[in-house]
Amino acid sequence: SSGINAEWPLRPGEIEGLKSDLSAKINALEEGQIEQNENLSGTTSEIEGLKSDLSAKIDALKEGQSELTAQIGDVSWPKGSYCILASGSCPAGFTRYSGHIRAFNTFNYTPTYIKPAVFGDSYMGCHGPCGQYTSWDAEFGITSCCK
């Protein structure tokens, strides 16, 4: 026995029917693929449009940033010789100076006489813990930028 089903081989009409069914399924798959490709093509063009819009907005922001930076760079300090309290680096054209007085005696260590504070890089307050020493010592330091 050859192991072939007794209904095999197919008759000529059955073969044509299978070919027709197979051809219809292939066509349907190809049409679905074409439609899917068209959808992807539309999506790709939308993405490209969004990328272009975003790129234009980024360029506009960079241009605006450049203009603001140029305007800020044009700010100049008034003429003359003077000092300002330092807070970080000194502006261009200024020189940094620092000084302090430590452990000077005050009448008392209450906020009426010593009120700690910080002004940029400058400070004032108790020398050590307030009231630790019977002399109620205070200190201050000034850091400035002068021209």
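A residue is termed buried at under 20% relative accessible area, exposed at over 50% and partly exposed in between (1.4 Å probe, protein chains only). By this definition, 10% of the 147 residues of the chain count as buried. The model is predicted, so local features need pLDDT of at least 70 and side-chain atom pairs count only at pLDDT 80 or more, whereas totals for chains, interfaces and linings use all residues. Residues are numbered from 1 along each chain as its sequence is written, and side-chain values use heavy atoms, with hydrogens and water left out.

The chain holds 1 helix and 5 strands, taken as DSSP runs numbered from the N terminus (helices: H or I, at least four residues; strands: E, at least two). Their order along the sequence is α-β-β-β-β-β. With a contact defined as heavy atoms within 4.5 Å, 64% of the contacts between residues at least 6 apart in sequence join residues at least 24 apart.

Rings of Phe, Tyr and Trp (its six-membered ring) are paired if their centres lie within 6.5 Å; planes under 30 degrees apart are stacked, over 60 edge-to-face and the rest tilted. The count is 4 aromatic pairs. Phe104 and Phe140 form an edge-to-face pair, at 5.9 Å centre to centre and 80° between the planes. Phe104 belongs to strand β2 (residues 95-105) and Phe140 to strand β5 (residues 137-146), so the pair ties together parts 36 residues apart in sequence. Phe104 is partly exposed at 32% relative accessible area, and Phe140 is partly exposed at 29%. The pair of Phe107 and Tyr113 is tilted, with 5.4 Å between centres and 55° between planes. Phe107 is exposed at 60%, while Tyr113 is partly exposed at 44%. Trp77, Tyr82 and Phe94 are linked into a cluster by ring pairs.
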